[in-house]
Amino acid sequence: MADWDLLLTDLHLATLAEGAPDFGLVRDAALAVADGKIAWLGPAGELPGKSAAEQRSLGGRWATPALIDCHTHLIFAGDRAGEFEERLAGVAYADIAARGGGILSTVRATRNADIDTLYESAHTRLRQLAASGVATVEIKSGYGLDVASELKMLGVARNLSDTSDLTIRATLLAAHSVPPEYSDDANGYIDLICEEILPEVVERELADYVDAYCERVAFDAPQIAKLFRRAEELGLPVRLHADQLSDGGGAELAAHFKALSADHLEYTNEAGVRALAAAGTTAVLLPGAFLTLNETQQPPIDALRDAGVPIAVATDCNPGTSPLCSMTEAMALASRLFGLTPEECLAGATRNAARALGLLNDRGTLEKGKRADIAVWDVNHPRDLVYWMGRRSLDELLIAGIPVA
Ligand code: DI6
Ligand code: FE
């Protein structure tokens, strides 16, 4: 029996380990895998004399932790490219929404779609994310907005998880929008989530987290607080779409419930940033939505940095505001639109994305004992991953030490 299952030699590492300077670079390195985990890594000159069942030279390529997309709405039916075209021609989003377009058009299509149709289209998007180096993906419900349709969406997430090498983490986002049946009674809908949808989801173990959309066009802080108290009772961690289009006190609300993440944050104020820092909540920035909505108010990047709030970057892949299926592209956008450094972008797509999912103990950096989820890239330096746009730089993706197609 060999000591290791796989030994990779002749590669450079960007470990992204916490506190390590300069991407955690280790040049001229080797990395060994045993039982799906990283068993050893370091400079090739220090490699211990152990045996490996398989040994491969990577020809001087760069390895990083596999990327993690910690915020997506990957499962949906229908198509809103026509709406996008109308918005470019000057039609207001509010007018599109008023005639039944917007989120509710995706809700109609998703309610009417069968499981296979939802699965196939989400699976295509999942493969596209994987092609950008992603091995872990969070997927939200939120286009069902009734008991059966929210369960259907989470069932599709479960099917994707069962049939994919990637790790899928599922989030109940029933509080995404007020459904037409409750258009005059958002409180009644929150009660339906608390009393029926959430308990059923917990009973069937269909979700890992609970999310909500805190915004004038969706739910207010007291409504979400009620939902989050119920999530707490039922033992599910929470995350929040906060302060995307207006300052609704979302960051403070997320912090109050010790949310794993608060996402968007364009309009978050200083007090909100301090609250996130005190709560240990990760800020998830979503440049694809910022770009598509033509936003001009940037998230408070300097304040987040000064307060030491961990910053993650994600695609927010969804048909309305962020038709984006690539994490390398999300990093490229975060650098240009938000001024994140290449190292911040890469940490945001690995270490801090893992933190936002509560998975940092097990992935998100290249360190001994962590899962061997590793992306191998055809680049000259890790910063190239942020510099290039629309370039397919991925050479190989290992998940738990096994190359995936
Ligand atoms: N924020 C957004 O930008 C999207 N959802 C959310 O919570 C919009 C989703 C959509 O338009 O379908
Ligand atoms: Fe979102």
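## Exercise 1: the chain as a whole

Among contacts in the chain (heavy atoms within 4.5 Å) between residues at least 6 apart in sequence, 71% join residues at least 24 apart. This is a predicted model, in which local features need pLDDT of at least 70 and side-chain atom pairs count only at pLDDT 80 or more, while totals for chains, interfaces and linings use all residues. Residues are numbered from 1 along each chain as its sequence is written, chains are lettered from A and ligands numbered from 1 in the order in which they are written, and side-chain values use heavy atoms, with hydrogens and water left out.

Task: compare the radius of gyration of the chain with that of a compact globule.

Solution. The radius is taken over C-alpha atoms, and the globule rule is 2.2 Å times the number of residues to the power 0.38. For 405 residues the rule gives a value near 22 Å, and the chain has 21 Å, which agrees. Along its principal axes, the C-alpha trace spans about 70 × 45 × 40 Å. Of the 405 residues, 59% count as buried, where buried means under 20% relative accessible area, exposed over 50%, and partly exposed in between, with a 1.4 Å probe and protein chains only. The chain has 15 helices and 15 strands, which are DSSP runs numbered from the N terminus (helices H or I, at least four residues; strands E, at least two).

## Exercise 2: the packing of α3

Task: determine how the axes of α3 and α5 are arranged, and which residues make the contact.

Solution. Two packed helices are described by the angle between their axes and the distance between the axes. Axes are lines fitted to C-alpha atoms, for helices over the stretch in contact, and angles run from 0 to 180 degrees between N-to-C directions. The axes of α3 (residues 103–112) and α5 (residues 147–163) come within 10 Å and cross at roughly 75 degrees. The two helices α3 and α5 are therefore roughly perpendicular to each other, given that angles of 65 to 115 degrees count as roughly perpendicular, under 35 as roughly parallel, over 145 as roughly antiparallel and the rest as oblique. Thr110, Arg111 and Asn112 of α3 meet Ser149, Lys152 and Met153 of α5 in this contact.

Next, consider burial: Ile103, Ser105, Thr106, Val107, Thr110 and Arg111 of α3 are buried, and the buried residues of α3 pack against α1 (81–88), α2 (93–98), α4 and α5. Thr106, at 2% relative accessibility, counts as buried, and beyond its neighbours within four places in sequence it is in contact with Phe76, Ala77, Arg80, Tyr143 and Pro319.

## Exercise 3: the span of α4

Task: check the span of α4 against 1.5 Å a residue.

Solution. The expected span is 1.5 Å times one less than the number of residues. For the 17 residues of α4 (residues 115–131) this should be 24 Å, and the end C-alpha atoms are 24 Å apart, which agrees. Buried residues of α4 include Leu118, Tyr119, Ala122 and His123. After α4 comes Gly133, whose phi is positive, near 100 degrees.

## Exercise 4: a loop residue

Task: describe the surroundings of Arg391.

Solution. Arg391 is placed in the loop between α15 (384–387) and β14 (394–399), and at 33% relative accessibility Arg391 counts as partly exposed. Leaving aside neighbours within four places in sequence, Arg391 is in contact with Asp378 and Val379. Arg391 and Thr328 are 63 residues apart along the chain, and their C-alpha atoms are separated by 8.6 Å.
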